[in-house]
Amino acid sequence: MAILKESDKKEVQKRLAVMNKTVKVITFLPESDIIVPGRRECMYCNEVKELMSDLVATTDKLSLVLIDPLKQPETAQEYGLKKDSLGFMYPAVTFSVLEDDGQEKHYNIWFYGIPAGYEFATLLDDIILLSTGNVKLNKALLPQLAAINTKITMDVFVTPTCPYCPKAVFTAHQFAYLNPNFTGNMIEASEFEELTNRWNVYGVPKTVINEKIEVEGAVPENLMLDYVKNALL
């Protein structure tokens, strides 16, 4: 059953018409209904699969790859699929880009949980960013961002109904696009209870940097970069 309505598909086609490079949408979810005891994530696995299928059907610049992290743990590990105490986290979506030299490049940009509601717009923004290279960050921040040579993980907790969450997620994703030392994770709070409870996520967006610095709200990108620097101290 299609998730996107025909009117939605037409709007997506219009937005993605600017794409240049081909983007591979890599989706991690089990092939079967087997769920790890204690997990709630897969309550939206079918919807994620259908949504990604609808999405890639809107343009020949997108392709879909499905990976079962339970059957292909080595592949999940190679891509950097996030884990918690129960194992790999899923459903999850990440991306690779077919570069001009013919090589495929994976970016540390992730959606954990269904990218629905306001976060669907972020998904489209990411695809356009990856395909066109059109960064929306303040250019004055780029040298500071490039100078960071330590691994940074930004976990951004969201809900689909939060209108302020896309800004926080897209900031983390742009950091990850520009600097391979960064990993930007959108985490849908209601689907990943262990992490949500661990970090006392009572409001969203909430960004946790290197499991050290906690940032409440959608702060300006320059301030977020300052928080990143504080996480390095």
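Okay, let's start at a turn: in the hairpin of β9 and β10 there are three residues between the strands, and Asn210 takes a positive phi near 50°. Strands here are DSSP E runs of at least two residues, helices are H or I runs of at least four, and both are numbered from the N terminus. Before I go on, this is a predicted model, so to speak plainly about cut-offs: local features need pLDDT of at least 70, side-chain atom pairs count only at pLDDT 80 or more, and totals for chains, interfaces and linings use all residues. Residues are numbered from 1 along each chain as its sequence is written, and side-chain values use heavy atoms, with hydrogens and water left out.

β9 and β10 (residues 213–216) run antiparallel, joined by four bridges; for two strands to pair, DSSP has to find at least two bridges between them. Ile209 has Ile213 as its bridge partner in β10.

What covers the two faces of β9, or rather, which of its residues are buried? Lys206 and Val208 are buried on one side, and Thr207 and Ile209 are buried on the other. By buried I mean under 20% relative accessible area with a 1.4 Å probe, protein chains only; exposed is over 50%, and partly exposed is in between.

Now over to β7. Four bridges join β7 to β9, again antiparallel, with Met154 opposite Ile209 and Asp155 opposite Val208. β7 also pairs with β8, this time parallel, over seven bridges, and there Val156 sits opposite Met186. Six of the seven β7 residues are buried, so the strand is largely enclosed by the rest of the structure.

β7, α6 and β8 make a right-handed β-α-β unit. Right-handed here means that, with the strands pointing away from you, the path from the first strand over the helix to the second runs clockwise. Helix α6 covers residues 165–178 and includes Gln174, which is buried at 3% relative accessible area. Gln174 touches Leu129, Val135, Lys136 and Leu137, leaving aside residues up to four places away in sequence; a contact is heavy atoms within 4.5 Å.

Last stop, the second largest pocket. Its space is about 180 Å³. Of its 13 lining residues, Gly80, Asn108, Thr153, Thr183 and Asn185 are the closest to the centre. A pocket is an open set of points on a 1 Å grid over the protein atoms alone, where a 1.4 Å probe fits, with protein on both sides within 12 Å along at least five of seven lines; lining residues have an atom within 4 Å of a point. Points join across faces, edges and corners, and the volume is the space filled by probe spheres set on them. β6 gives the largest share of the lining, three residues.
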